[in-house]
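Hi,

Here is the structure I promised to pass on. Please have it open while you read, and my notes follow just below.

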Amino acid sequence: MHESLQGATFHIEHVIPQCKDGHSDSNNLVLACPGCNLHKGSKITALDPATGEYVRLFHPLLQIWSEHFRFHGYQIEGSTAVGRATVTALNLNISRRQRIREVEEAFGLYPPVR
């Protein structure tokens, strides 16, 4: 999404990290932007800022994005505990990412069509 103006450089990410018994197969590998991948690291859970409880991070192969997130201007908001924890853990709303979304909008790339 926010990499479209950056040359689409992605990392291959283990949703469940190998250090937590994740496998290197198509059921556990996704493309992730470098920022998301580096912020996620080996996490599989994160703190939901609304409840203070730890929940599983969003699983892009098993869960539907629109059930956990929504766009609000140039920010991504979590609409569930999973969404809120993922937004926070991956630092999805830092000013640089919001600026990228703003520029993408000028090119008709934001918000992305789902």
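A residue counts as buried when its relative accessible area is under 20%, and as exposed when that value is over 50%, with partly exposed in between. Please keep in mind that this is a predicted model.

Let me start with Lys40, which is found in helix H1, residues 34-40. Its relative accessible area is 10%, so Lys40 is buried.

Next comes Phe10, in the segment before strand S1 (11-14). Phe10 has a relative accessibility of 36%, and therefore counts as partly exposed. Together with Ile12 and Leu31, Phe10 makes a nonpolar surface patch of about 330 Å².

Finally, have a look at Asn93, in the loop that runs between helix H2 (81-89) and helix H3 (95-106). The side chains of Asn93 and Arg101 are joined by a polar contact of 3.2 Å. Not counting residues up to four places away in sequence, Asn93 touches Arg101 as well as Tyr74, Gln75, Ile76, Val87 and Gln98.

Methods
Residues are numbered from 1 along each chain as its sequence is written. This is a predicted model: local features need pLDDT of at least 70, side-chain atom pairs count only at pLDDT 80 or more; totals for chains, interfaces and linings use all residues. Side-chain values use heavy atoms; hydrogens and water are left out. Helices (H or I, at least four residues) and strands (E, at least two) are DSSP runs, numbered from the N terminus. Buried means under 20% relative accessible area, exposed over 50%, partly exposed in between (1.4 Å probe, protein chains only). Patches are made of residues with over 30% relative accessible area and no salt bridge: like charges are joined within 9 Å, nonpolar side chains (Val, Leu, Ile, Met, Phe, Trp, Tyr) within 5 Å. Accessible areas come from the Shrake-Rupley method with a 1.4 Å probe; for residues, only the protein chains shown count as cover. A salt bridge is a side-chain nitrogen of Lys or Arg within 4 Å of a carboxyl oxygen of Asp or Glu. A polar contact is a pair of N or O atoms within 3.5 Å; within protein, one must be able to donate a hydrogen and the other to accept it, and residues adjacent in sequence count only if both atoms are side-chain atoms. Contact means heavy atoms within 4.5 Å.
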